[in-house]
Amino acid sequence: DLKEEYTQCTFPDSISVEYKGFRVHQIPPNGQGIAGLIALSGLNALEESGMIPPPVSHPQGSGWKSPMTWHAMIEMMRLGFADARAFVCDEEFCKKHGSGTNDNDKCKYNSSRSSSEYLLDQERISDRAKKVFDSEKACVQGIPDPTSCTVSFQVVDRDGNAVSFVNS
């Protein structure tokens, strides 16, 4: 598995979504960063549809302090993990060697778009989030990979200063 064709480096452009006026970037799959982007898009869809209150702090306990908002954030992260586990792949490997399934599809999502484009499609996420979210109970099936033990985050300020933190 260390043949040259399997160990080539890539330098992809970031993928991103906008949430509350901020553009949040991640490195494209095949990592878990896309799960967070899916979660933010799902939250945005639930807020815009009125299914959850906007996350603005109020003394009565709505917004960020609301159990409903916390529940929605957790459920949308679970949705992100479920989608990432089902569809994220190394697209170049998949195109060359197939998905490893018994069908003739090259990749599970069977689309001319990349897995990132498919997974971050706003209409797809909005429909899915509104369909699976239940304000009364946990119902989304998705968890982080239990074997993952690397945490990474990056921050860039308005002057272009950047910090990257990786803990493995």
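Strand S3, residues 151-156, supplies the largest share of a nonpolar surface patch, 3 residues; strands here are DSSP E runs of at least two residues and helices H or I runs of at least four, numbered from the N terminus. The model is predicted, so local features need pLDDT of at least 70 and side-chain atom pairs count only at pLDDT 80 or more, while totals for chains, interfaces and linings use all residues. Residues are numbered from 1 along each chain as its sequence is written, and side-chain values use heavy atoms, leaving out hydrogens and water.

The patch is made by Val151, Phe153, Val155 and Phe165 and covers about 360 Å². Val155, in strand S3, is partly exposed at 48% relative accessible area (buried is under 20%, exposed over 50%, partly exposed in between, with a 1.4 Å probe and protein chains only).

Beyond four places in sequence, Leu120 touches Ile15, Ser16, Val17, Ile34, Leu37, Ile38 and Ile125, where contact means heavy atoms within 4.5 Å.

Helix H2 also holds His71, which counts as buried because its relative accessibility is 18%. A polar atom of the His71 side chain lies 2.8 Å from the backbone oxygen of Asp134. Sequence neighbours within four places aside, His71 is in contact with Phe133, Asp134, Ser135, Lys137 and Ala138.

Definitions and conventions
Polar contact = N/O pair within 3.5 Å; in protein donor to acceptor, adjacent residues only side chain to side chain. Patch = residues over 30% accessible without salt bridge, like charges linked within 9 Å, V, L, I, M, F, W, Y side chains within 5 Å. Areas by Shrake-Rupley, 256 points an atom, 1.4 Å probe, with all protein chains shown as cover. Salt bridge = Lys/Arg side-chain N within 4 Å of Asp/Glu carboxyl O.
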